[in-house]
Amino acid sequence: MAAKGAHGSHLKIESELERCRAEGHWDRMPELVRQMQALAVPGGGGSRRTFPSALLTSLDTGDFGKLLLAEALLEQCLKENNANIKDSIPLLEKNEPKINEARDYLSSILNHGKLSPQFMCEAMLILGKLHYVEGSYRDAISMYARAGIDDMSVENKPLYQMRLLAEAFVIKGSTFFPVELARYLCSLSPALYSFQHASSFGGQRSCRGGLSLERLPNSIASRHRLTEREEEVITCFERASWIAQVFLQELEKVTNNTSRHLKGSHPVDYELTYFLEAALQSAYVTNLKKGNIVKGMRELREVLRTVETKATQNFKVMAAKHLAGVLLHSLSEECYWSPLSQPLPEFMSKEENSFIMQALRKPHLYEGDNLYCPKDNIEEALLLLLISESMATRDVVLSRTPEQEQDRAVSLRNAAAIYDLLSITLGRRGQYVMLSECLERALKFACGEFHLWYQVALSMVACGKSAYAVSLLRECVKLRPSDPTVPLMAAKVCIGSLHWLEEAECFAMMVIDLGEEAGEFLSKGYLALGLTYSLQATDATLKCKQDELQRKALQTLERAQQLAPDDPQVILYVSLQLAFVRQISSAMEQLQKALKLCRDDANALHLLALLFSAQKHYQHALDVINMAITEYPENFNLLFTKVKLEQVLKGPEEALVTCRQMLRLWQTLYNFSQMGGLEKDGSFGEGLTLKKQSGIHLTLPDAHDADSGSRRASSIAASRLEEAMSELTMPSSVLKQGPMQLWTTLEQIWLQAAELFMEQQHLKEAGFCIQEAAGLFPTSHSVLYMRGRLAEMKGSLEEAKQLYKEALTVNPDGVRIMHSLGLMLSRLGHTCLGQKVLRDAVERQSTCHEAWQGLGEVLQAQGQGEAAIDCFLTALELEASSPVLPFSIIPREL
């Protein structure tokens with residue numbers, strides 16, 4: 001009975017020793033060694049009592065205990081000096097007594113030679129690791145060669161031996177690379193490869209060198225020998241990776257089984273050691289560093305297909321991020337091959353065909369039928385990043401306690417790297433709505449993190465959520481008040497899509513208030529402020545206010561030009577502002593400077609054509625427009641101006657040909673949007689191959705304000721009202737798909753064609769065109785106005801008057817509507833009311849020569865000859881410098 005009890009105790013202790021060595025419970029090792037030595041039975045009379053499986057006698061129990069204690073001391077020392085190990089700083093014997101004690105134990109074991117070959121081999125593996133952490137890299141390699149690790153097998157071996165062997169292979173590896181693997185990965189994109197655990201294989205901290213074979217000098221090695229040793233390094237890393245994955249899978253299986261047998265026990269999460277983490281990463285990182293994209297991607301895909309364990313969850317997030325980076329950075333869509341297909345032959349011919357062929361036990365992989373397979377590199381990268389994002393955001397550290405500050409910073413850095421890659425991936429497909437939804441999820445843990453807040457704000461700008469974007473940018477300004485780019489971006493959004501001019505002025509002043517701290521952006525601050533004043537002048541209803549704001553705008557823009565005399569954008573807007581105040585010659589001089597700096601700018605060429613038309617050089621203007629359209633064939637702004645020039649120079653027949661071309665272009669854009677190339681908000685993807693940036697982003701003439709082409713506040717409100725009313729009056733089955741700006745463009749094309757038909761007296765065709773436009777926006781002020789003109793030409797004056805009134809109700813600042821309504825009232829005998837409407841028109845836009853002409857006609861009909869003459873003279877003077885379309889058709893934006 002006593003012998004049977006002792007045998008059971010031996011088994012229990014031996015099992016516990018193996019478990020602690022596998023799971024890393026090194027603090028329990030001294031007590032277990034004492035218990036083992038207490039149970040040791042002395043041998044006698046030529047017969048020896050042994051441990052059931054360890055084959056340890058009383059003579060070698062002491063050496064076996066030394067082996068266990070040496071390993072425990074070494075692992076505890078490595079844990080205490082984890083930062084130095086990651087930075088490849090050797091551990092000095094004089095500073096680490098545990099290292100010295102472990103060396104003494106291991107040297108004693110090897111000198112005695114009493115242990116079985118299995119445990120002697122383990123002692124060599126442990127001593128090899130000790131040599132490495134001391135910086136004795138040749139001794140480490142020699143010890144592994146003495147142990148014969150190349151011929152070792154992991155079949156039917158304890159788990160801890162798998163760990164020792166994986167660590168041995170990864171230490172043996174990394175032979176001949178003078179530049180660190182980490183440095184290679186960081187060179188792909190420093191912002192995208194900040195790793196949670198920076199090892200010599202995948203991190204950015206080991207700037208002092210790699211592992212042992214990497215440290216051996218290779219200056220005397222021949223080229224042939226160098227190639228052989230590089231292949232040996234790859235083989236070591238591949239074996240280390242596979243063995244480490246098998247070890248972690250088997251360890252989790254054993255741990256789960258143990259916890260199920262012990263009621264109330266929960267499996268403890270295994271923390272990856274530095275060497276195991278390096279083993280998991282080394283193979284694919286080395287292949288990528290060498291330029292072996294095929295082998296590197298194959299390694300990464302194999303790693304991601306292995307059955308996951310709790311210990312490898314963070315590592316798989318990192319691996320997925322790396323693979324996504326390779327797919328985006330190193331592989332085009334034409335060269336892509338799916339995980340279930342073979343790469344192109346030319347890829348395989350450039351890389352060695354050698355792959356790990358040893359009969360190693362492979363880790364378990366996820367398998368099944370009907371598995372999803374990506375079709376291109378962007379799709380695979382997106383899938384990887386979405387999986388990584390879900391895992392990274394789940395594990396992010398939310399606590400802001402000082403104890404967890406470093407962990408929180410690391411988790412935020414990992415999440416930010418994933419979101420950066422997501423921005424690149426989704427941005428290439430124009431999927432900004434999806435990107436904004438992903439980035440919004442980051443706000444829950446991004447308190448005080450400028451980068452993530454700014455990324456969210458930019459995504460909101462891209463997907464058209466401008467008001468939300470400005471709110472986010474305000475928070476970004478608080479987080480980084482000295483950065484001038486943030487308020488500039490906010491001013492850009494306020495000036496552009498929102499037309500929040502007061503807010504834009506405040507943001508521009510923030511940049512100007514920074515003074516010299518703003519650096520090169522100070523001129524942009526003055527540019528933003530000048531554009532704001534210019535737009536406010538367009539919106540102003542009193543002439544005195546308009547004149548004051550125009551003067552301030554010109555002074556501010558000239559100040560921007562003084563700060564940045566070679567900035568073509570600043571010079572362009574100085575020229576545009578001079579054009580607004582009808583200083584045509586000065587505007588032309590400034591524009592010539594801008595064109596010398598940027599010859600193919602669409603807005604500069606457009607303004608040049610308008611200035612030529614203001615000087616009545618219509619042929620020169622048309623030549624410039626045709627040249628610009630050659631560079632920007634899809635720019636509707638240029639095409640509408642071409643129609644006006646052709647109408648003046650060649651007649652309506654030629655202009656109608658251009659209208660037909662615009663309809664075909666619109667159809668192309670619409671078809672592209674239906675294929676998913678355009679999001680609902682008007683974002684463009686990559687699918688449309690155009691020579692220059694699409695003009696659909698530009699302000700369209702007459703789309704919002706028939707008089708000036710500018711997006712003044714009243715016209716924006718009118719367009720939103722029209723859109724809402726159109727949706728109410730339109731059947732749900734024919735609701736417009738695609739960006740709204742695309743449909744407003746189509747409306748203006750039809751109305752432009754109707755105007756040309758009316759000039760030809762083809763009223764039936766004009767009616768058809770107006771009907772097409774009304775089908776899109778039945779309550780549009782532009783549609784109502786054109787219906788009024790058509791009724792007027794047909795002789796239905798009362799109907800025309802009513803339609804003009806409805807149009808003016810929708811857009812109360814429409815000068816062209818006021819002009820037509822004033823003349824109509826005068827024709828119907830309401831001369832006083834007509835005069836009042838026309839005076840409002842000239843007060844609203846003092847440079848409109850048609851309104852002055854109409855007011856003169858009404859005054860003349862009333863017998864006020866002198867006043868009428870003044871109006872005619874003013875109209876004549878203004879008409880001499882009036883372009884075919886208002887100068888405000890040129891978009892004023894940062």
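I located Ser466 in helix α20 (residues 466–479); helices here are DSSP runs of H or I with at least four residues, numbered from the N terminus. I note that this is a predicted model, in which local features need pLDDT of at least 70, side-chain atom pairs count only at pLDDT 80 or more, and totals for chains, interfaces and linings use all residues. Residues are numbered from 1 along each chain as its sequence is written, and side-chain values use heavy atoms, with hydrogens and water left out.

I looked up the burial of Ser466 and found a relative accessible area of 9%, so Ser466 is buried (under 20%; exposed is over 50%, partly exposed in between, with a 1.4 Å probe and protein chains only). Leaving aside residues up to four places away in sequence, Ser466 touches Met460, Val493, Ser497 and Leu498 (contact: heavy atoms within 4.5 Å).

I then turned to Ser497, which lies in helix α21 (residues 485–498). Ser497 counts as partly exposed because its relative accessibility is 35%. I recorded a polar contact of 2.7 Å between the side chains of Ser497 and Ser466 (a pair of N or O atoms within 3.5 Å; within protein, one must be able to donate a hydrogen and the other to accept it, and residues adjacent in sequence count only if both atoms are side-chain atoms). The C-alpha atoms of Ser497 and Glu893 are separated by 9.5 Å, although these residues are 396 residues apart along the chain.

Technical notes
Helix = DSSP H or I, 4+ residues; strand = E, 2+ residues; numbered from the N terminus.
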